[in-house]
Amino acid sequence: MSKRRGGYNKTHGLSDSPEYKVFMGMMGRCYNPNHVDYHNYGARGIRVCDRWRNGGFVAFFEDMGPRPSPRHTIERRDNDGDYTPENCCWATRKEQQSNTRRNIFVTVNGKRVTLTEGARRLGLHPRTVFSRYYAGKTPEEALGLE
C-alpha cells in the first residue's frame with residue numbers, strides 16, 4: 001500500500017461495508033479453527049474458491065455485488081459445497097432456513113420442499129406434522145400423503 005496523508009490507501013475502500021463483514025465471516029468460518037462456527041464449515045471441509053481467496057474481497061464483491069437489502073446474507077445453494085460464485089447467492093434468513101442440514105425434505109405435488117413447507121402447502125400445522133414424524137411416521141405419512 002502506498003502512503004498518503006493521514007495513513008495508508010485502502011485497496012477497495014469498502015472495509016466498513018456489510019459485504020466486507022460477510023466476506024471476513026466466510027473466511028473465518030472456513031479457515032480459522034478458533035472461529036465459533038469453524039466446526040460447521042472448515043472442519044467439514046468447506047472452503048472458499050481460489051478466486052475469492054487469492055483475489056480477496058475485490059474478487060468476491062465483483063462476483064456477488066452489493067447485498068440487495070440489510071436482511072440478506074450469503075448462502076451456499078449446496079450446503080455441502082464450497083463458497084464459489086456458482087454456489088453462492090444473497091438470501092434472507094427465511095430463505096436460508098429452507099437450506100440447512102437439519103431440514104427434512106419431502107416431495108409434494110412433484111416439488112421437493114421442506115417438511116414445514118409441505119405442511120403449509122397442504123394446509124396442515126407444521127407442529128402437528130412434526131409430532132407425527134417424531135412419533136415414527138415417514139415424512140410422507142406425517143403429511144398424510146401415504
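**Reasoning about helices and salt bridges**

Q: Why are helix 1 and helix 2 called roughly antiparallel to each other?
A: In this predicted model, helix 1 and helix 2 pack at an angle of about 155°. Angles over 145 degrees count as roughly antiparallel, so helix 1 and helix 2 are roughly antiparallel to each other. Their axes are 9 Å apart, and the crossing is right-handed.

Q: Which residues of helix 1 and helix 2 meet?
A: From helix 1 come Glu-19, Tyr-20, Val-22, Phe-23, Met-26, Met-27 and Tyr-31. Their partners in helix 2 are Trp-52, Arg-53, Gly-56, Phe-57, Phe-60 and Phe-61. The residues of this contact divide into 10 nonpolar, 1 polar and 2 charged.

Q: What makes the pair Arg-44 and Asp-80 a salt bridge?
A: Let's set the value beside the rule. The side chains of Arg-44 and Asp-80 come to 2.5 Å, N to O. The cut-off is within 4 Å, between a side-chain nitrogen of Lys or Arg and a carboxyl oxygen of Asp or Glu, so the pair counts as a salt bridge. By this rule the count comes to 5 salt bridges.

Q: Where in the chain do Arg-44 and Asp-80 sit?
A: Arg-44 is in the loop between helix 1 (18–31) and helix 2 (50–64), while Asp-80 is in the loop between strand 3 (72–76) and strand 4 (88–92). The pair links distant parts of the chain, 36 residues apart.

Q: Why is Asp-80 called exposed?
A: Its relative accessible area is 54%. Exposed means over 50%, so Asp-80 is exposed.

Q: Why does Arg-44 count as partly exposed?
A: Buried means under 20% and exposed over 50%, with partly exposed in between. Arg-44 has 28% relative accessibility, so it counts as partly exposed.

Q: How do you know that Arg-51 forms a salt bridge with Asp-63?
A: The closest N and O atoms of Arg-51 and Asp-63 are 2.7 Å apart. The cut-off is within 4 Å, so this is a salt bridge.

Q: What joins Arg-51, Glu-62 and Asp-63 into one network?
A: Salt bridges that share partners do this. Arg-51 meets Glu-62 in a salt bridge at 2.9 Å, N to O, and Arg-51 also has the salt bridge with Asp-63.

Q: How exposed are Arg-51, Glu-62 and Asp-63?
A: Glu-62 has a relative accessible area of 54%, so it is exposed. Arg-51, at 39%, is partly exposed, and Asp-63, at 32%, is partly exposed too.

Definitions and conventions
Residues numbered from 1 in each chain as written. Predicted model: local features only at pLDDT ≥ 70, side-chain atom pairs only at ≥ 80, totals over all residues. Heavy atoms only, no water. Helix = DSSP H or I, 4+ residues; strand = E, 2+ residues; numbered from the N terminus. Buried < 20%, exposed > 50% of the residue type's maximum accessible area, 1.4 Å probe, protein only. Axes fitted to C-alpha atoms, helices over the stretch in contact; angles between N-to-C directions. Parallel < 35°, antiparallel > 145°, perpendicular 65-115°, else oblique. Left-handed = near helix turned anticlockwise from the far one by under 90°. Contact = heavy atoms within 4.5 Å. Nonpolar A, V, L, I, M, F, W, Y, C, P; charged D, E, K, R; others polar.
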